[in-house]
Amino acid sequence: MALSGVKNNRGELRILENLDELRTDLADYIAELSEAAVKERGVFAIALSGGSLIGLMGKLCEAPYNKTVDWAKWYIFWADERVVAKNHSDSNYKLAKDGILSKVPIVPSHVHSINDSVSAEEAADEYMFVIRQLVKTRMVSVSDISDCPKFDLILLGMGPDGHIASLFPSHAVLDETDEWVTFITDSPKPPPERITFTLPVINSASNVAIVVTGESKAEAVHLAIDNVEPNCPSLPARLVQPTKGKLVWFLDKPAASKLDDLQFSE
Ligand SMILES: O=C1O[C@H](COP(=O)(O)O)[C@@H](O)[C@H](O)[C@H]1O
């Protein structure tokens, strides 16, 4: 049976019994946000991550979602990307294309992937320019408290070290507040060159979901969510605090196993 509730102002926690339930709950959540955004704005601007998240989104390609979701209204972005060719096995674009985008009727021109034929710095600048144009035409909303884009949904995974997107613990890039998109060339997890949304962009989204499974991530989940002493100010996942938006954690039981006293109603 799933547990659900709000904890420590760290967002809504959804703790699912097993991966199958998590996949279904995640697909329902994305489909509902898509429907609401299309009704309100006529489009749905969604940013994906790489890693295990894509496999966990797989139910969206199955009935009923493959027929009921208004795929033509989706605009797809990436919260982070590895600076490799688009056909490389490390590419977050390739992962999403093979796992989801090639299986549903997304409009190809709505897929905003990163230029893989330039340097990390140039790719970050180009990507920011593309997003800026889409903000101007309101395909992507704009935050009313900063000049940041306001994505309808940013989907994040989390590594065992607490990294989200390509924002790694104690990395200087966590302090980046001027740019929407930036780059790193020293990622502790290969490949070293990556581009990533910055924290101000992530925290300006209308909705952010962090999807985490497996016991190897339980300690990072505890540090990111619980009131721990000393606090972990440089743990990226803890810095996800949407200013006006809503944060939801999707966890399986092993990932949630080190959380302090859960007292949600079943
Ligand atoms: O390198 C990355 O890792 C994170 C987490 O991946 P996971 O396989 O442990 O879920 C991912 O969210 C990010 O997009 C990716 O570039």
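Colleague: Let's start with helix H4 (residues 92–101): which of its residues are buried?

Modeller: Asn92, Tyr93, Ala96, Ile100 and Leu101 are the buried ones in H4. Bear in mind that this is a predicted model.

Colleague: What makes you say that the buried residues of H4 line one face of the helix?

Modeller: Look down the axis of H4: its buried residues fall within an arc of 95 degrees, so they line one face. An α-helix has 3.6 residues a turn, so residues three or four places apart point the same way.

Colleague: And what covers the buried residues of H4?

Modeller: The cover includes strand E3 (44–48), helix H2 (52–56), E4 and strand E5 (80–82).

Colleague: Where does Gly51 sit, then?

Modeller: Gly51 is in the loop between E3 and H2. Leaving out residues up to four places away in sequence, Gly51 touches Asn92 and Leu95. Gly51 and Leu95 are 44 residues apart in sequence, yet their C-alpha atoms are 8.0 Å apart in space.

Colleague: Why is Gly51 called partly exposed?

Modeller: Gly51 has a relative accessible area of 41%. Buried would need under 20% and exposed over 50%, so Gly51, at 41%, is partly exposed.

Colleague: How about Thr198: buried or exposed?

Modeller: Thr198 has 0% relative accessibility, which is under the 20% cut-off, so Thr198 counts as buried. Thr198 lies in the loop between E10 and helix H6 (199–202). Setting aside neighbours within four places in sequence, the contacts of Thr198 are Leu167, Glu176, Glu179, Trp180, Val181 and Thr182.

Colleague: Which residues of H5 are buried?

Modeller: Ala120, Ala123, Ala124, Tyr127, Met128, Ile131, Leu134 and Val135 are buried in H5. They cover an arc of only 130 degrees around the axis, so they are on the same side of H5. These buried residues pack against strand E4 (74–78), strand E6 (141–142), strand E7 (149–150), strand E9 (181–184) and strand E10 (194–197).

Colleague: What about the face of H5 turned away from its buried side?

Modeller: That face of H5 carries the exposed residues Phe129 and Lys136. Just after H5, Arg138 takes a positive phi of about 65 degrees.

Colleague: How many residues are in the largest nonpolar core?

Modeller: The largest nonpolar core has 93 residues, and Ile30, Phe77, Phe197 and Trp249 have the most contacts inside it. Helix H1 (residues 19–41) gives the most to this core, namely 9 residues.

Colleague: Why do Cys61 and Cys148 count as buried?

Modeller: Cys61 is at 14% relative accessibility, under the 20% cut-off, so Cys61 counts as buried. Cys148 is at 5%, so Cys148 counts as buried too. The structure holds 0 disulfides.

Colleague: Which residues does the domain annotation cover?

Modeller: The unreviewed UniProt entry annotates residues 19–249 as "domain: Glucosamine/galactosamine-6-phosphate isomerase". Over residues 19–249 the chain is 31% helix and 17% strand, with end C-alpha atoms 14 Å apart.

Conventions. Residues numbered from 1 in each chain as written. Predicted model: local features only at pLDDT ≥ 70, side-chain atom pairs only at ≥ 80, totals over all residues. Heavy atoms only, no water. Buried < 20%, exposed > 50% of the residue type's maximum accessible area, 1.4 Å probe, protein only. Helix = DSSP H or I, 4+ residues; strand = E, 2+ residues; numbered from the N terminus. Arc of directions from axis to C-beta. Contact = heavy atoms within 4.5 Å. Core = buried A, V, L, I, M, F, W, Y, C linked by side-chain atoms within 4.5 Å. UniProt positions renumbered as here; feature names shortened; annotations may be inferred. Disulfide = S-S within 2.5 Å.
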